[in-house]
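Hi,

Here is the structure I promised to pass on. Have a look at it first, and then read my notes below.

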Amino acid sequence: MTPNTGDPIRIAIIGGGFCGILTAIHLLQDQEQHLHIHIFNIGKPIACGVAYHPHTPGLLLNVPNGNMSAFPDKPRHFLQWLMAKDSVPETEAEKLAAGFSPRSVYGAYLGQLWRDELDKQGYNKRIWVYNDQVTNIIEDGRRVLVCTGRYPQVIADIAILATGNDQPAFPAGFHPALKTDPRYFGDPWNAGAVENPDAAGDVLVVGNGLTMVDTVLGLTANNCDSVIHSVSPHGYRLKPWKDAREPYCAETDILDNTSHLGELVSIINKHRKLADKYGQSIYPVIDSLRPKIQSLWLSFSMEEKQRFLKMLSAFWDRVRHRLPTAMHQLIEEMRTDRKVVTHKGRVSSAVPADGGIEVVIAGDDGDTSLCVQRIINCTGPETNILRSGNELLQTLAKNGVICPGPFNLGINTDPDGCVIDAEGRRKPNLFVAGGNLKGILWESTAVPELRHQAKKIALYILSELKESLVGC
């Protein structure tokens, strides 16, 4: 990473969603470095990614407006942008902060941030955006060569993998022929998954999480009159963001001097029991843990992390990933009306047939047979890069440039996001941002964590560059 004095530092960012663009913005805000930034983005509008260019316009954010600023040091930034856009008076700020905006509105916010940054760039910054897929990154001494499908190789000093979420894995028990069957949709975020539903048969959604809700609402917006079934091993357990009960508030910081998993579990159980005793909601305690969960995860031993994954991850996902109250209420109404039928179990077989897809769900009370006209896979992103559908990650893993993170979650890096290759060597010119840091940081999914991550990676790179310049 040692630059030649006066020469630009060339940074390639693979991915033009939230992580890629916010990392670029933080890099560009440095006034001293001479930077050439190359961004590779394909499939979605720049800055929006899949998350903020949804297939259905009415889908809402899953985090309140007041915690959706793109900048960790400007907590009201998104809220102030909303207020200015809609001429909302300051007296209504608290109400707006507690609300949930459409994701497309947040996409517009990110797009505006990017355009504003482009408009104020100085003489020592240049930016290129490529609408192309990166197929490989080749090490060439201290440089990297970024290979794409259509453009010549781009030479860079540093590359940042901000590739976003992978598609879900093909489920066990499914007949291999379904992989190419037009009635099976392996990418739930693609608009085709919810468009033109066939009124002649039911729909099966595999998964009972937040993506299932997005899919149900997307199908409904496309006039789906069929029964929508959903299935997952734990059944439907989504909760509304705000509990109807009075919030429970601990008198002190419950995480003071906590660094072991056993202590964390004991503390949570203690306050959960107190909340139940008083008839109050434990959600404020869970929300207070969220900003600290990455540092806690880093402090855990490998054995503690394994125990967390085995015993607590399902609980954490249930209380951490909650729905806007309006969306939760709508799904509950659809369940009451049997427009949505949720199942607890696993799909033991799914076989294509002339009249539909024959499905058997194995549950605690026996098997349930369905014949559906469409299956949508909402089991969550594939996190094992060795099974990834991303051609770039497959190639880099095959070449040993990257390797799976702890517990086969994402990519192995140090806590700063710097890649550690298959032989345990640190790669000072290759970084990772976003969901592929899940094994290293655990919480690496939503804006409240990703905004810190983008700034941290950018500042770390800039710091390393300045140290290199001092040594020249």
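Lys427 counts as buried because its relative accessibility is 8% (buried means under 20% relative accessible area, exposed over 50%, and partly exposed in between, with a 1.4 Å probe and protein chains only). Before I go on: this is a predicted model, where local features need pLDDT of at least 70 and side-chain atom pairs count only at pLDDT 80 or more, while totals for chains, interfaces and linings use all residues. Residues are numbered from 1 along each chain as its sequence is written, and side-chain values use heavy atoms, with hydrogens and water left out.

Back to Lys427: its side chain meets that of Glu139 in a salt bridge, at 2.7 Å from N to O. By salt bridge I mean a side-chain nitrogen of Lys or Arg within 4 Å of a carboxyl oxygen of Asp or Glu. This pair ties together distant parts of the chain, with Lys427 in strand S16 (residues 426–432) and Glu139 in strand S4 (residues 134–140), 288 residues apart. Helices (H or I, at least four residues) and strands (E, at least two) are DSSP runs, numbered from the N terminus. Glu139 is partly exposed, because its relative accessibility is 39%.

Glu423 and Arg425 also form a salt bridge through their side chains, at 3.7 Å from N to O. Glu423 is exposed, as its relative accessibility is 62%, and Arg425 is partly exposed at 45%. Salt bridges with shared partners join Glu139, Asp421, Glu423, Arg425 and Lys427 into one network.

Another pair to look up is Glu443 and Arg320, whose side chains meet in a salt bridge at 2.9 Å, N to O. Glu443 sits in the loop between helix H12 (438–441) and helix H13 (447–470), and Arg320 is in helix H9 (residues 302–320), 123 residues away. Both Glu443 and Arg320 are buried. The structure holds 22 salt bridges.

Now for a pair of helices. The axes of H2 (residues 77–86) and H4 (residues 103–119) come within 11 Å and cross at roughly 100°. That makes H2 roughly perpendicular to H4 (the label covers angles of 65 to 115 degrees). Axes are lines fitted to C-alpha atoms, for helices over the stretch in contact, and angles run from 0 to 180 degrees between N-to-C directions.

On the H2 side, His77, Phe78, Trp81, Leu82 and Lys85 meet Val105, Tyr106, Ala108, Tyr109, Gln112 and Leu113 of H4, where contact means heavy atoms within 4.5 Å.

Cheers

Definitions and conventions: Angles under 35 degrees count as roughly parallel, over 145 as roughly antiparallel, 65 to 115 as roughly perpendicular and the rest as oblique.
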